[in-house]
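Please look over the sequence and the 3D structure below. A short report on the chains and their contact follows.

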Amino acid sequence: MYFFERRDEYKNRIACIDDEGREYTYAELWDMGDALTADCKGVVVLECGNDAESLARYLALLRKGCPVILIGKTLEEEAKKAFRETYEGEYPVDPALGLLLSTSGSTGDRKLVRLSYDNIQANCDSIVVYLGITQDERPITTLPMEYTYGLSVLHSHLEVGATIILTNKTLFESEFWDKVSRYEVTSMAGVPYTYEMFERLRLRSQDLPHLKTLTQAGGHLSEELQKKYAQWAAETGRRFFVMYGQTEATARMSYIPPEKCAEKIGSIGIPIPGGSMMIAEDGELIYFGANVSMGYARCREDLALGDVNGGCLKTGDMARMDEEGYFYITGRKKRFVKIQGRRFSLDQVQEILQEAFACEEIICTGNDTDGITVHTSSRQVADREDEILQLFMDKWQVRARLVTVRYLEEIPRNSSGKVLYSKL
Amino acid sequence: MTNLEQYNRAFMLNFRLKEEDLPGLEYMGIIQWDSVGHMDLIADIESAYGIQMDMKDVLDLSTYEKGLKILSEKYGVNFDE
């Protein structure tokens, strides 16, 4: 049985509590979803927030067999429109296809990951097992629903009949922390910058007796923070999970068991239950499991395609493994950075900048810690630093301190004109 | 730079705004002043005045004007000089 079919099993339990403090039982949430989606047919683009209506609609669409594309409310209007025009409507789709998520949601391309109902359920089952999720859990939403990690928190808790505290409040609003206390929240999920916020709010010295589990994914957490949280968890009888995943694998691929966290600083852990990992000859990390997506979609015709991955995902990350079978990421095969919990293709960012400033001599490099550096050999472009920073902010909400503009005499290229990124 | 100039600068640099945009500014009222932006803003304010703000004040600093009030009343930052 799928997690979205468990209405009768948990019908009188509370599925979620929304920002207005309204409680919805599993039966109410399911029935509301049926009513809201009665007229839906074919592929649906669902603009979602962390509220009961979005969750109810989403679950109902999964039940009805309407493939869902989740997009965030804060996405640019133009991008929302493009998603609807590209994908919405009735046309032939693979019957296994249940959910489509954007990989980056960032650089604004229409590329989506195709996930089957079985992908979602397989990953959900693994997560419930290794996190040991029970009915008594009360997680609060700290991530957007359209983001694979945020969504996996919803799936895995609905699977067991737990109660989710749905909120669109941010960590910097006192209402958020009022809810954490009032509803005796037991777990929170965070990407690396969420942990920076936790630090800013001195989470580790707050009195939160019910908070027992913290999870982390969505990029590399600094070793300093991993150590601090591992130690804090060990000393206070809590569990802290460092995890690794990609939308291409539904959400999760590996995790560090909490008792090993302090010992395995910098690692991405071991494969989740049901999954396995190996390192290819060229050093690339390969993952195998039932949660590996069916493939990508770039246009509506692609939704008719079957599974092209066959349970095997080339992660694009380079890795090594230690003698105890723990994996460590050592680099990237492709040119992208993960900042603010999202993935940015450097080539794509570069292309957009080249177009926006009508100049070919703009090259982007970057890393997850310092962000993106825009190199240019055009004085005119370099002088428009303000506009470059503005574009990053408006288009992708990338904070100014993660963007550096650098002028150089000449972009290093080899004899055939290919950019020598290593020389930048 | 005066204390007020430093305060304004923290907003202008982090959110890419001009001085005349600052009055009335609210947390989550513009796309730049989200939770990530807030973290950067607080970090810059703290380092500008060499202070460490309490959690309550970090949460209460939700408008441009409230920040001025909190900083002058609780952290002794003088904006009149």
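Which pattern does chain B follow, read along the sequence? The pattern is α-α-α-α. Note that this is a predicted model.

## Chain B: fold and dimensions

Chain B has four helices and zero strands. Its radius of gyration is 11 Å. The globule rule gives 12 Å for 81 residues, which is close, so chain B is as compact as a globular protein of that length.

Along the principal axes, the C-alpha atoms of chain B fill a box of roughly 30 × 25 × 20 Å. Of the 81 residues in chain B, 32% are buried. Take the contacts in chain B with a separation of 6 or more: residues 24 or more positions apart account for 49% of them.

Two packed helices are described by the angle between their axes and the distance between the axes. In chain B, helix H1 covers residues 3-15 and helix H2 covers residues 35-49. Their axes come within 9 Å. They cross at roughly 150 degrees. An angle over 145 degrees counts as roughly antiparallel, so H1(B) is roughly antiparallel to H2(B). The crossing of the two helices is right-handed.

Which residues of H1(B) make the contact? They are B:Gln6, B:Tyr7, B:Ala10, B:Phe11, B:Asn14 and B:Phe15. H2(B) contributes B:Gly37, B:Asp40, B:Leu41, B:Asp44, B:Ile45 and B:Ala48. By class, the residues of this contact of H1(B) with H2(B) divide into seven nonpolar, three polar and two charged.

## Chain A: fold and dimensions

Chain A holds 11 helices and 22 strands. Its radius of gyration is 22 Å, close to the 22 Å from the globule rule for 424 residues, so chain A is as compact as a globular protein of that length.

The C-alpha trace of chain A spans about 70 × 55 × 45 Å along its principal axes. Buried residues make up 45% of the 424 residues. Among contacts in chain A with a separation of 6 or more, 63% come from residues 24 or more positions apart.

## Where the chains meet

Key: Residues are numbered from 1 along each chain as its sequence is written. Chains are lettered from A and ligands numbered from 1 in the order in which they are written. This is a predicted model: local features need pLDDT of at least 70, side-chain atom pairs count only at pLDDT 80 or more; totals for chains, interfaces and linings use all residues. The radius of gyration is taken over C-alpha atoms; the globule rule is 2.2 Å times the number of residues to the power 0.38. A residue is buried if 20 or more other C-beta atoms lie within 10 Å of its own, exposed if 12 or fewer, and partly exposed in between; C-beta atoms are placed from the backbone. Two residues are in contact if their C-beta atoms, placed from the backbone, lie within 7 Å. Axes are lines fitted to C-alpha atoms, for helices over the stretch in contact, and angles run from 0 to 180 degrees between N-to-C directions. Angles under 35 degrees count as roughly parallel, over 145 as roughly antiparallel, 65 to 115 as roughly perpendicular and the rest as oblique. A crossing is left-handed if the near helix is turned anticlockwise from the far one by less than a right angle, and right-handed if clockwise. Ala, Val, Leu, Ile, Met, Phe, Trp, Tyr, Cys and Pro count as nonpolar, Asp, Glu, Lys and Arg as charged, and the others, Gly among them, as polar.
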